[in-house]
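Colleague: Could you walk me through this one slowly? I am still learning how to read these models.

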Amino acid sequence: MSDTPSSLRGIDVDPKGDLEALREGFVEKLYFTLAKFPGVATRNDHYLAAAYLVRDRLLNRWIRSARSYLEGEHRTVIYLSAEYLMGPQLAHNLLNLGMTEQLRAALASLGMSLDELIEHEEEPGLGNGGLGRLAACYMDSLATLDIPAIGHGIRYEFGIFDQEIRGGWQVERTDRWLRLGNPWEIRRYEIEHPVGFGGRTEAATDAQGRFSVRWVPERIVKGVPYDTPVLGYATSNANFLRLWTAVAAEEFDLEAFQIGEYWRAVEQKIQSENITKVLYPNDASPAGKQLRLEQEYFFVSCALQDCIRLLLQRTTIDKFADKFCVQLNDTHPSLAVVELMRLLIDVHGLAWDQAWAITTKAVAYTNHTLMSEALEIWPLPLFSRLLPRHTEIVFEINRRFLDEVRSRFPGDAARLRRMSLIDERGEKHVRMANLATVAAHKVNGVAELHSRLLRETVLRDFAEMTPEKFTNVTNGVTPRRFVALSNPALAALISEAIGPGWLREGERLKELASHADDAAFRERWSKIKHDNKAELSKWLTSQWGLSLDPSSMLDAQCKRIHEYKRQHLNALHALWLLSRVRRGDTSVVPRTILFAGKAAPAYHMAKLIIRLIHGIADAIEADPVARRVLKVVFVPDFNVKSAQRIYPAAELSEQISTAGREASGTGNMKFAMNGALTIGTLDGANVEIRDAVGAESFFLFGLTADEVARWQAEGYHPGAVLQKDPGLVELLDQIEDGHASPREPGLFGPLLDDLRHKDPFFVLADFRAYIECQEAVERAYRDPGLWTRMSILNAASMGRFSSDRSIAEYAERIWRVPRVPVA
């Protein structure tokens, strides 16, 4: 319970936001928080002072929200995610507070530029791509929709690597995102939760004759939380993100130090802190696998212990599912199922049936992939050694579940093997997706196609047994960050045309459609796009020494580098355009093809694709005719900050993954919200985007998911495609002959061999359809009025892809939580 004197309760402090108060507040932060004065203060000091000034206004709303939630009987969403790509916070928080211009004026009166401080901010790289950015969008929408929520994750000391390009190759550098401080977070020193690993279990019978188990861990680390407030837009509500860091239960062994064993004196500290040292350690080695499993268990254990701590301040343990709904963002947090059962049974004394009823009522699971390698499994020997009590609970869940399967499907041994939580083929593994599906009261995919394929393929047996569990919630993105903040000129034009309400009511964007035939409006729309391209070119030059021609079409593919996302298909098209120019084709539309994205450090084929892109870029630049109409640009170190510059400038969005492989995609939505037209396959959310914008405003090509499955079943032979397409053969031969690597002719041999003999992602199969579709793009782009009209209609159709709509659906259909406005 709180130790706060009653005389202090209910008192509010409301920091003022007028110009003079902001000026004085900024100087006070510089002097009294940072201990700096103007003569010695650096730009980082100025950024920190501004951030602390803004944070005070955030905390005022957060405290009011926390008080409202504590005093009410409101159900709270517990969002568990291994990744959060929150993006830079200063400009976003100013937007949500509605005080951007006030602070701009206050800083200008002190001779400083708000834009320079915004640009200075370091971005937390606590995610790998779409999964982490989705979690950030959802935290934004949860707050905006007044839904009580706490996001739990890991405070990685070093985030996703910084990407450099050297000689066309990706080079990884440590992401030291905390080196200059993080003013947005608050450490909660009074909260620590113990997390055990290894050891043994001891069975016993209590005084009432009930069977019980006690876990005796071999080692214990402690989790300590760092909180970051997450403010909603145009609301008083603020939720928070609670990220956990691992510390040693005993950080310093004084006895070992006194006898000169200095390494042993700090060994426990180093071993414990390794758990939250790096985002996604390479799990190719046994040590890497163990560290990854430790990370996942550590943060869900901390999160659930913290929920129970909060719960017991107000009520009893049996009310857990009434107070909390626990959302698993993919399979990484699936251990929450087993840990919640352990806490309820072993620590709080509930019987199995009651604990299981609470767990299944509380837990819901979002699946984000159809690719088997991304559905986590853990070697049983590792799992049982690291988490012996959890292994016993998994076995018991599995025993009871398989009894249900036998009763529903008698005699179906194959189904039992497929649905078991333990994969017994070869070395035994624990199947985390199966575990999450068995325990969750709802399982959702993230696009209509993905959800259908989930029911028909990966989780088919489960969907046949409990069809009522399965639903779809198509992903969404926040228009606040990805239009209002990223593209202020376009946001102002939209607000002028239809009013500002679209930032909270996305469906109002439909009203833009009536302006698509207004020539004057189209001209203003087109100018904004051109100006954004010019601004991007200036930024590329200053940041990376790159450039682009703002008068050329900006054709962009920005996403994690992976074979199924098919950046090499796009690269082949760039080489095809170069061949057209060399053949004397003067009809090629001037085009800049922009790539951005990171390859996993151990993913050699993805790194080879990056090298191919740079090789083709060099070949174009070396041709005096081609470089006048073509350019290939690779933007290093793609992150939220650079994305906010690229999305507003792009005119063509490349969403060309193999059909049936992309769960949803969210980059497709961000590009389209900013008026880019899409060239893509019927994959992920592309299907719904095409339905929304209309077939005439979407450049469609390629095999469907059903056709891909049929070709795979019948036996796909890429050689047969090559026999029918001499132009494609010539392109591959050019690469083999060193046109993209003149000093290393055989460099791309592994990639070419894979395409010619396997082509697992149907690059060659879709090549000719892709080329023909790109020719349709050229024809449309030659008519500026037509292109701009389609651009406006694309943006007008994007309201349904706001993350606000997604969260409203989760709240209504899965979490069953109401809005709780904060006064």
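Colleague: To start, where is the place of histidine 46?

Modeller: Histidine 46 sits in helix α2, residues 43-71, where a helix is a DSSP run (H or I, at least four residues; strands are E, at least two), numbered from the N terminus. This is a predicted model, with local features needing pLDDT of at least 70 and side-chain atom pairs counting only at pLDDT 80 or more, while totals for chains, interfaces and linings use all residues. Residues are numbered from 1 along each chain as its sequence is written, and side-chain values use heavy atoms, with hydrogens and water left out.

Colleague: Does histidine 46 count as buried or exposed?

Modeller: Histidine 46 counts as buried because its relative accessibility is 17%, and buried means under 20% relative accessible area, with exposed over 50% and partly exposed in between (1.4 Å probe, protein chains only).

Colleague: And what does histidine 46 touch?

Modeller: Leaving aside residues up to four places away in sequence, histidine 46 touches Phe26, Leu30, Ala41, Met112 and Leu117, with contact meaning heavy atoms within 4.5 Å.

Colleague: New topic: how many cavities of 30 Å³ or more are there?

Modeller: There are six cavities of 30 Å³ or more. A cavity is a set of points, on a 1 Å grid over the protein atoms alone, where a 1.4 Å probe fits but cannot get out, and lining residues have an atom within 4 Å of a point. Points are joined across faces, edges and corners, and a volume is the space filled by probe spheres set on them.

Colleague: What volume has the largest cavity, and which residues are closest to its centre?

Modeller: The largest cavity has a volume of about 270 Å³, and of the 22 residues lining it, Gln89, Pro124, Trp177, Asn182 and Trp184 are the closest to its centre.

Colleague: Which element gives the most to the lining of the second largest cavity?

Modeller: That is α6, with three residues, in a cavity that holds about 80 Å³ of space.

Colleague: How do α6 and α33 pack?

Modeller: Helix α6 (residues 130-144) and helix α33 (residues 803-815) pack at about 75°, with their axes 9 Å apart; axes are lines fitted to C-alpha atoms, for helices over the stretch in contact, and angles run from 0 to 180 degrees between N-to-C directions. The two helices α6 and α33 are therefore roughly perpendicular, a label for angles of 65 to 115 degrees.

Terms used: Parallel < 35°, antiparallel > 145°, perpendicular 65-115°, else oblique. 1 Å grid on protein atoms, 1.4 Å probe; cavity = no way out; pocket = protein on both sides within 12 Å on 5 of 7 lines; lining within 4 Å.
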